[in-house]
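Please open the structure in your viewer and keep the selection panel at hand. The stops below proceed one selection at a time.

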Amino acid sequence: MSEILNVIIDRWPNIVDATWQHIVLSIVALFWAIVLAVPTGILLTRFRKLATPVLGFISVLQTIPSLALLGFMIPLFGIGATPAVIAMVVYALLPIARNTYTGILDVDPALLEAARGMGMTKGQMLRMVELPLARSVIFAGIRTATVMTIGVATLASFIGAGGLGDLILRGIAMVDTGIILAGAVPAAILAILFDMLLAWTDWRITPKGLRIQNRT
Amino acid sequence: MGNAIVFDNVRKSYGQKAVIPNLNLSIAEGTITVLVGPSGCGKTTTMKMINQLIQPSSGKIYVNGSNALDISPVELRRNIGYVIQQVGLFPHMTIEENVTLVPRLKKQAGEVNREQVDRMLQLVGLNPDEYRHRYPRELSGGQQQRVGVARALMSDPPIVLMDEPFSALDPITREQLQDELIRLNQELNKTIVFVTHDMDEALKIADQIIVMQDGHVIQQSTPEQILRHPANEFVRGFIGEKRLTSHLTQSVDEVMVKHPVTIAPQKGLAEAVKMMVRKRVTGLIVVDKDGTYLGLADSADIHARYPEESLSIRDVMRADAAVVNVSTPLAETIPLVQQAPYGYVPVVDDLGRLRGLLTRASLVDVLARPYLEGGEEHE
């Protein structure tokens, strides 16, 4: 145990750098995943015939082993942070797009009927009714994507993107459990912290009216 | 008074099937007009074509004099109030936010008119201070629909469409809201188009009733005229099935007077008179000590022979008066009661014991009840 403590103390600046890289990689990937997947999910609710093929295609991407996907990136985008982020975005798309799609479809049709009958435009319905009511489901998709992305980011080090994966790979190469743990433990903690942060945010921004259970 | 809404040769078809083959209709300004008919008769389709939630296949619909199809649907709907059965309040918005939605959509004068919100909530019987900042899920179904009505009236539209707004509520709340809608429109004079499948509701609230069947208007008239002169068998069935037949299939024991005034046969005439005066009845039912029915003693018979002091009730009663069995269907007993010399018929069970009394008053009561009160106890 003191051995691991020594490693942590020795490599502290290393760990801090790698953690920071890891966070930046994950956040950039999540940002682009949200920017791409939420509108995709919304569009699919407008063109529902496309939903099955498009979501199917995204699922297929999901089934490619992450290591292999990172490998595919090298001939296309070279090595470094960019191909790693692209691969991470591809992974994060599915939970976000699918939850956006189902979240909006699950909105009570009576509310949409009322909204239309009151004279809302399509845009107003989306902004004032569909998105606010689907928000928690979309948020759940983002949480899933976040935990996955932080996990996949450890592998990004294979194509030279840095992050906590660097420490893990180095530890494996040196057959040094201490160094492996110095990378793996912070990665796990990051995943848990981000998930908790998002859960808290979700609760904070849920309108009071939706936190109340139905009376009937 | 002009027509707020006119349908001119309107047709709506889905593929080959014409839901509304050819509809001509006018709805007068400032009235409550109820579209009524069985499910699938086209009443909801007709109503939804007014605010273009459903587009007609052909024909013209005039709303307040202009052709509704020339106005953008969004613009049209913002000037027509809309209340639906499922209420459709937005759960993430407060009551105030829900009520002010249409003005906010119109972006009227930026600031929400707080006084108008208060006035609307008061109008539908909710205390503004208590409810303004609450959320729909904190309210009961009836309260939610009150808010739904307030929301539809908020921007003061001349026309309000109501699609079975009270059908999902319990009978007592439904009654209240019906009463309040009638009261409210005496104040506001909106043109209200109200869809329901419940004829009792239609008869209660309507100024005009439009009975529909298979996409056609069968009859358009006032409730009084529809009751008096139903256009055909269908309308008669629709107004009649509940209000006449169903309670005529009731049996006698549901309607009879349960504890008629009885007297023992050995009692004297003076005692009988005293009892009739005390109980305020004109006749007595004679039973023995086991409760077996023996006959009727009417005041006329008793008075005719009153001077004969030695007589007892047994000597003056009529043992041959008509009686009915307690399980007889009510319909069969009506002629008997009408022909009975004293206006009442004793009800006995299979063993000949007295169970009750059918009077003209109790029958009139049963026959008139659906007309007088809208028939809600036969739901």
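What distance separates the centres of domain 1 of chain B and domain 2 of chain B, taken over C-alpha atoms? The centres lie 52 Å apart. To see the two parts, colour residues 3-248 of chain B as domain 1 and residues 252-367 as domain 2; these bounds come from an automatic or database domain assignment.

Two remarks on conventions apply throughout. The model is predicted, and local features need pLDDT of at least 70, side-chain atom pairs count only at pLDDT 80 or more, while totals for chains, interfaces and linings use all residues. Residues are numbered from 1 along each chain as its sequence is written, and chains are lettered from A and ligands numbered from 1 in the order in which they are written.

**Stop 1: chain A**

Select chain A, which has 10 helices and zero strands. Helices (H or I, at least four residues) and strands (E, at least two) are DSSP runs, numbered from the N terminus. Along the principal axes, the C-alpha atoms of chain A fill a box of roughly 70 × 40 × 20 Å. Of its 216 residues, 39% count as buried. A residue is buried if 20 or more other C-beta atoms lie within 10 Å of its own, exposed if 12 or fewer, and partly exposed in between, with C-beta atoms placed from the backbone.

**Stop 2: the A–B interface**

Next, show chain A together with chain B: 23 residues of chain A are in contact with 23 residues of chain B. Two residues are in contact if their C-beta atoms, placed from the backbone, lie within 7 Å. On the side of chain A that touches chain B, helix H6 (109-117), helix H7 (122-153) and helix H10 (208-211) of chain A each supply at least two residues. The largest share, six residues, comes from H6(A). By type, the residues on this side of chain A are 11 nonpolar, eight polar and four charged. Here Ala, Val, Leu, Ile, Met, Phe, Trp, Tyr, Cys and Pro count as nonpolar, Asp, Glu, Lys and Arg as charged, and the others, Gly among them, as polar.

**Stop 3: helix H5 of chain B**

Select residues 114-123 of chain B, which form helix H5; Val117(B), Met120(B) and Leu121(B) are buried there. Because these residues cover an arc of only 95° around the axis, they lie on the same side of H5(B); the arc is that of the directions from the helix axis to the C-beta atoms. Glu115(B) and Gln122(B), on the other side of H5(B), are exposed. After H5(B) comes Gly125(B), with a positive phi near 80°.

**Stop 4: the sheet S11-S12-S13 of chain B**

Now move to the open sheet of three strands in chain B, ordered S11-S12-S13 with mixed pairing. Two strands pair if DSSP finds at least two bridges between them. Strand S11 (262-263) and strand S13 (293-298) of chain B are the edge strands, each pairing on one side only. S11(B) pairs with strand S12 (residues 283-287) of chain B in the parallel sense over two bridges.

Is S12(B) mostly covered or uncovered? S12(B) is mostly covered, with five of its five residues buried. Gly283(B), Ile285(B) and Val287(B) are on one side, and Leu284(B) and Val286(B) on the other.
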